[in-house]
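I hope they are handy while you look through it.

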Amino acid sequence: MRLILLSLLIGSVLPAAAQKKQFPRPQLGDSALLTLVQQKTFDYFWKFAHPLSGLAPERTTTPEVVTIGGSGFGVMAILVGIERKFITREQGLDRLLKIIRFLEKADHYHGIWPHWMNGATGKTIPFSRKDDGGDLVESAFMFQGLLAVQQYFDRNTPKEQELRNKITWLWNDAEWNWYTQGGQDVLYWHWSPNNGWSMNHTIRGWNECLITYVLAASSPKFPISAKAYHQGWVVSNYFKNGKDFFGIKLPLGFDYGGPLFFAHYSFLGLDPRGLKDQYADYWEQNTNHTLINRQYCINNPKQFKGYSADCWGLTASDNHEFYNAHSPTNDLGVITPTAALSSFPYTPAYSMQALKYFYNKVGARLWGEFGFYDAFSETHNWFDHQYLAIDQGPIVVMIENYRSGLLWRLFMSHPDIKKGLKGLGFSSPAI
C-alpha cells in the first residue's frame with residue numbers, strides 16, 4: 001500500500017498566502033471540459049517528462065527523480081493523447097520508443113524495475129533505506145501500460161514493430177515467480193541485491209495490487225501458479241468484507257473501502273465491467289467503494305469545511321502536513337481531485353458534479369499548468385502547488401475509459417492477459 005515514507009526532498013507544503021501564477025479557465029460544456037482536463041493533465045506526462053528518458057518525474061519538485069508506476073500510467077496517457085489529437089500518432093510513437101529504449105538499459109532486478117530511478121542515468125534511487133531494488137507493484141503498473149501500448153501500435157512499420165518487439169522482450173524478461181521468495185504461494189513486493197528479502201512485505205488484498213497478480217499469472221516465461229492468488233492474495237484480514245456502509249454493500253476490503261485509489265490503479269487497463277471471480281463482482285466493488293467514499297464526505301462527521309455532494313473524494317495525496325492515504329477512517333479534511341475524477345466510469349454524474357465544483361468554485365486556487373493541483377483543504381486554508389504523477393495519470397486514463405473504453409479495450413485484448421485471467425478463475429465479457 002502506498003503509505004509513502006517520502007524523503008524530505010518532496011517539500012510539499014506551500015503557505016496559503018503564497019502566490020501562484022494564474023492560468024485561464026474558459027467556460028465550457030461538459031464534453032469540452034472533460035477534454036480540457038484530460039489535455040492539461042496529459043501535459044504533465046508530455047511537457048514535464050524527463051528530457052532524456054521520457055519518463056514521468058515523481059512530482060513537480062523532483063524533476064530528476066522518475067517514477068516507474070506513475071510513468072506506467074503516463075504511457076497510457078500518451079495513447080489518450082493520440083486518440084484525442086493532443087499529439088500525433090508519430091509523436092506518441094517516438095516518445096514511447098525513447099521510453100522503452102531507456103527502460104531496456106535502466107537498472108532492474110530479475111526484470112523488475114525499482115520504484116524510483118534517475119531520469120538521466122536509469123540508476124536506482126532508493127525509496128527508503130532498504131527499498132533499493134525491484135518494486136513488483138510499481139513495475140506492474142508499468143507493464144499494465146506497456147501491454148496496452150503494444151496492442152495499440154499494431155501497424156506493420158519498422159518503428160511500430162520495434163516498439164512491440166522491445167515490449168515483448170521486457171515482458172518476457174520479467175521474473176514474476178522470483179518474487180515468491182523461493183516458491184511460496186504469495187508474491188513479495190520488494191527484493192534487493194543489497195538487502196535481499198529483508199523488507200518482507202507480502203502482497204495481500206484488498207488494495208491496489210490486484211493487477212500485480214493478474215500480470216504475474218499472465219507471464220509467458222515466469223508465471224506464478226493460481227495457488228499464489230488463492231492462498232496469498234486473498235488470505236488477509238482485510239480481503240473479504242460484505243458489510244453495509246450507508247446502506248451500500250462493500251464486498252471486499254477495509255471498512256468504508258479505504259482510499260479510492262484501490263478502485264483506480266489496477267483498473268486503468270483491467271476492465272471491471274462484468275469482471276468476476278469467486279470472490280467478487282469487481283464493477284460492484286469499485287462502484288460501491290466510490291459511493292461509500294462520496295456519502296461519507298456528504299455526511300461529513302468531522303464537520304470539515306467544504307465537504308458536500310459537490311466536493312468529495314478521499315485518497316492518497318499530499319496534505320497540509322506532508323502526505324497520507326486519506327480515507328473515511330483516516331480523514332484529515334483533505335480533498336484530492338483524482339479521487340472523484342478517476343472515478344468517472346463508476347459515478348459519472350457525481351464525478352461531473354465534483355469536476356464542476358473544483359473548476360468553477362475552487363477555481364484558480366486549484367487550477368494550474370497541468371490541470372488540478374494534487375489536493376486541498378478548505379478547513380486548513382491549504383491548496384497544494386504540486387502535481388504527482390501517480391495521481392495525474394489515472395485522471396487522464398479513467399476519464400477516457402468512461403468516454404470510450406480505450407485502455408480497457410486494449411489491455412483486455414492482449415492474449416497473455418486473457419490466458420492469465422482465465423487461469424485465475426476470472427470471467428469477463430472481454431475474455
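1. A word on the basis first. This is a predicted model, in which local features need pLDDT of at least 70 and side-chain atom pairs count only at pLDDT 80 or more, while totals for chains, interfaces and linings use all residues. Residues are numbered from 1 along each chain as its sequence is written, and side-chain values use heavy atoms, with hydrogens and water left out.

2. Let me begin with Ser377. Ser377 belongs to strand E12, residues 376-377 (helices, H or I of at least four residues, and strands, E of at least two, are DSSP runs numbered from the N terminus). With a relative accessible area of 0%, Ser377 is buried (buried is under 20% relative accessible area, exposed over 50%, partly exposed in between, using a 1.4 Å probe and protein chains only). Its contacts, neighbours within four places in sequence aside, are Gly333, Val334 and Trp382 (contact means heavy atoms within 4.5 Å).

3. Next, the cysteines. Zero disulfides turn up in a search of the whole structure, a disulfide being a pair of cysteine sulfur atoms within 2.5 Å. Cys297 is in no disulfide, and the nearest cysteine sulfur, that of Cys311, is 7.7 Å away. Seen from Cys311, the closest cysteine sulfur is that of Cys297, and 7.7 Å is too far for a bond. Cys297 is buried at a relative accessible area of 0%, and Cys311 is buried at 1%.

4. Now the nonpolar core (a set of buried Ala, Val, Leu, Ile, Met, Phe, Trp, Tyr and Cys residues joined through side-chain atoms within 4.5 Å). The largest one has 138 residues, and those with the most contacts inside it are Leu210, Leu215, Tyr229, Trp233, Leu270, Tyr282 and Phe358. Helix H4, residues 136-152, provides the largest share of this core, eleven residues.

5. Ile203 counts as buried, at 1% relative accessibility. Ile203 and Trp189 are 14 residues apart in sequence, yet their C-alpha atoms are 6.0 Å apart. Beyond residues up to four places away in sequence, Ile203 touches several residues, among them Leu136, Val137, Trp189, Tyr213 and Trp233.

6. Trp206 lies in that loop between E5 and H6 too. The peptide bond joining Gly205 and Trp206 is cis, with omega about 5°.

7. Two residues deserve a backbone check. Most residues other than glycine have a negative phi, and most peptide bonds are trans. Lys85 has a positive phi, near 65°; Lys85 is in the loop between H2 and H3 and counts as exposed at 70% relative accessibility. Gln303 has a positive phi as well, near 60°. Gln303 is in the loop between helix H8 (282-299) and strand E8 (316-318), and is exposed with a relative accessible area of 63%.

8. What about enclosed space? There are three cavities of 30 Å³ or more. On a 1 Å grid over the protein atoms alone, a cavity is a set of points where a 1.4 Å probe fits but cannot get out, and lining residues have an atom within 4 Å of a point. Grid points are joined across faces, edges and corners, and a volume is the space filled by probe spheres set on the points.

9. The largest cavity has a volume of about 60 Å³. Leu103, Glu104, His108, Gly111, Trp113, Phe143, Trp169, Leu170 and Asp173 line this cavity. Helices H3 (89-105) and H5 (158-173) each supply at least two of the lining residues, with H5 giving the most, three. The lining divides into five nonpolar, two polar and two charged residues (Ala, Val, Leu, Ile, Met, Phe, Trp, Tyr, Cys and Pro count as nonpolar, Asp, Glu, Lys and Arg as charged, and the others, Gly among them, as polar).

10. The second largest cavity has a volume of about 40 Å³. Its lining includes Phe45, Leu55, Ser71, Val75 and Ile99. Helix H2, residues 68-83, gives the largest share of that lining, four residues. The lining of the second largest cavity has six nonpolar, three polar and no charged residues.

Note on methods: On a 1 Å grid over the protein atoms alone, a cavity is a set of points where a 1.4 Å probe fits but cannot get out, and a pocket is an open set with protein on both sides within 12 Å along at least five of seven lines; lining residues have an atom within 4 Å of a point.
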